[in-house]
Amino acid sequence: MKVTSRRRFSSASAAALPSPSKPPPPSFSLTPSQDTISHLCAQGHFGDAIALLSRQRRLLPAAHRPLDLPSSACRVAAAAAASGRPLGLLLSNRLLDLLAKCGALPEARRLFDSMPHRDLCSWNTLIGGYSSCGDLDEVRRLFDRMPSRDHFSWSTIISGHSRHGHPREALGLYRRMQSEGSGKDSNFGNKFTASSALAATTAIPCLRHGKEIHCHIIRMGFDSDAVVWSALSDMYAKCGSIDNARHVFARTLDRDVVSWTAMIGRYFDGGRREEGFELFSDMLRAGVRPNGFTFAGVLDALSELAMEGPGRQVHGHMMRAGYDPFSFSASALVHMYSKCGNIDRARAVFEGMPKPDLVSWTSIVSGYAQNGYPEEAIRYFELMLQAGTRPDHIAFVGVLSACTHAGLVDKGLEIFHSIKDEHGMEHTADHYACVVDLLSRAGRFEEAEEIMDKMPMKPDKFLWASLLGGCRIHKNVRLGEQAAEALFEIEPENAATYVTLANIYASAGLWDEVEKVRKTMDRRRVVKKPGSSWIEVKRRVHVFLVGGKSHPRTEDIHAQLEKLHKRMKEEGYVPDTEFVLHDVEDEQKEESLAYHSERLAVAFGIIATPQGTPVKVFKNLRICGDCHTAFKFFSRITQRVIIVRDSSRFHRFKEGSCSCGDYW
């Protein structure tokens, strides 16, 4: 509870207060100043009320301690007990409520046990206090002792079990409520008990139970309440029935920005992003003004798809709506532009924020790291520290990734050790994965193994994958096999592990081992994820697969590639066929490389966009080494900036070089 600081009373008011030489006994009798105290409490100025009572010697002084509500509540209770007068049921219940809400449950329980008379409010107040602190055993004991129960009693115990990780028990209590109320009151239960039961169903999750509660809601006539409808829609979405959630949303009478935002978010959470974007458009057409939560949700979804065009449109809506530059939607803008490869716009948004928060700092640091500007990522991280913003473990992951992609091993190790030595934080599994990635990419495997041996936790799949990636770069068969075996145990269905191990064997010329990996994949029915690349041209997304010929301009694309390959060879290009696993002739390997999905997408971008504009392509897997070399030639031959975002970072090719410095 937020409490205002103690106000200063005027000297005249202070002079009017009694100051006898001997303090009178504490009293709760009516005094002329009671209206003042009641007014202060009504306004939430509890500190002032406590101070006034202390000045009147009706409470023991606080010994100049800052206001502490639990201890102050106990002082009030002690003064009431010392007054020697019966408090009465009303005042006892108010004092009980004060103690319970301040977390002073032992004192609340003593007061409850000492009360000669208790009503339903007394029981509900104490049960609510125990429920808030998660003591469900005591809640259940008190609940079973209650002489009678009302809606509040049932709502409290059901929501308490649901909130504290016992959803099945919550549903059992809901059924018990219905059973006990069926013979007495056909309308037993209310919108709060129904909402609590729906939350429990969502936590399990169980669609069948949710439908049962839906029927009960309709029978009891709660289906006109906006809170119940929201909980009902949320239940259907999280139980995997997004269409039913949309049906409930469509029947909601008063759809405000909260209900619209929630339904849009349910589409995004369910992977149905297109319908989420469509509903966002419907929201705008309906004249409902989005809030920061709406914009942030839409921008995050666009970030995942790297759709900068629609992202700019959302940015325009935010500008027209006058969005708050202090809000987290501004951080979502920085994140969206970074993920779409437009780090200049990301920086412009960031620089326009009056006081960036931790999320904004982390977004710009990670954005520079992913876009191939490690020095800028480190600079912004240091600016964040200078600004007095305390980094969390995610911020450290961002700056460590920058060091990893740039090969800044010593700087990365310095930052890694500072996490514990300077910032007093414990290293997380993500931090260890980053530093192992850093060392293994640099070929410093002994140091990587030493750090792994000293880890307080068991290496996870991300750490083993980092080590495996380093082994692929440096053709370390021994450690590569060890990392792959560990990954086979953790996630045997992940085809990337098999492919990377096969790449390590192929680069070492161990074709028999490559064949064994293939047979293992067949035996375990592991299917390699097909590589795909896409490019957005004139608000339309064009998707390409390796060797694909389904695009309407396939002939033009192939002709452009042949033209580029001819120029490349004239300038000294030699295909790097070690990236092809097949043990076949070099000519066949070269042909296999020529039509990778990213090359098809880049070639289409060159012929479909105006000269001088960047070509921006996205790929679902890691870019292959030979395509990386080819795009450096492409950028110089066509005098175009070519941006390729693969599964881990952006590569910006310009005038024959890449922003990654050939270290990725």
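Mentor: Rings of Phe, Tyr and Trp, the last taken by its six-membered ring, form a pair if their centres lie within 6.5 Å, and planes over 60 degrees apart make the pair edge-to-face. The model is predicted, and by this rule the count in it comes to 18 aromatic pairs.

One of these pairs joins Phe-249 and Trp-260, whose ring centres are 5.1 Å apart with 80° between the planes, an edge-to-face arrangement. Phe-249 belongs to helix α14 (residues 242-251) and Trp-260 to helix α15 (residues 257-269), so that the pair links distant parts of the chain, 11 residues apart. Both Phe-249 and Trp-260 are buried.

Since Phe-631 lies in helix α34 and Phe-653 in strand β5 (residues 650-654), the pair ties together parts that are 22 residues apart in sequence. Phe-631 and Phe-653 are both buried.

Ring pairs also build a cluster, which links Phe-350, Trp-361, Tyr-368, Tyr-373 and Tyr-380.

Helix α34 (residues 625-638) packs with helix α31 (residues 554-570) at an angle of about 95°, and their axes are 10 Å apart. Angles of 65 to 115 degrees count as roughly perpendicular, and α31 and α34 are therefore roughly perpendicular to each other. On the side of α31 the contact is made by Leu-561, Leu-564, His-565, Arg-567 and Met-568, while α34 contributes Ala-630, Phe-633, Phe-634, Ile-637 and Thr-638. These contact residues divide into 7 nonpolar, 2 polar and 1 charged.

As for the setting of these details, the secondary structure of the chain comes to 34 helices and 6 strands. Of its 664 residues, 49% count as buried. Among the contacts in the chain with a separation of 6 or more, 61% are accounted for by residues 24 or more positions apart.

How values were computed: Residues are numbered from 1 along each chain as its sequence is written. This is a predicted model: local features need pLDDT of at least 70, side-chain atom pairs count only at pLDDT 80 or more; totals for chains, interfaces and linings use all residues. Side-chain values use heavy atoms; hydrogens and water are left out. Axes are lines fitted to C-alpha atoms, for helices over the stretch in contact, and angles run from 0 to 180 degrees between N-to-C directions. Helices (H or I, at least four residues) and strands (E, at least two) are DSSP runs, numbered from the N terminus. Angles under 35 degrees count as roughly parallel, over 145 as roughly antiparallel, 65 to 115 as roughly perpendicular and the rest as oblique. Contact means heavy atoms within 4.5 Å. Ala, Val, Leu, Ile, Met, Phe, Trp, Tyr, Cys and Pro count as nonpolar, Asp, Glu, Lys and Arg as charged, and the others, Gly among them, as polar. Rings of Phe, Tyr and Trp (its six-membered ring) pair if their centres lie within 6.5 Å; planes under 30 degrees apart count as stacked, over 60 as edge-to-face and the rest as tilted. Buried means under 20% relative accessible area, exposed over 50%, partly exposed in between (1.4 Å probe, protein chains only).
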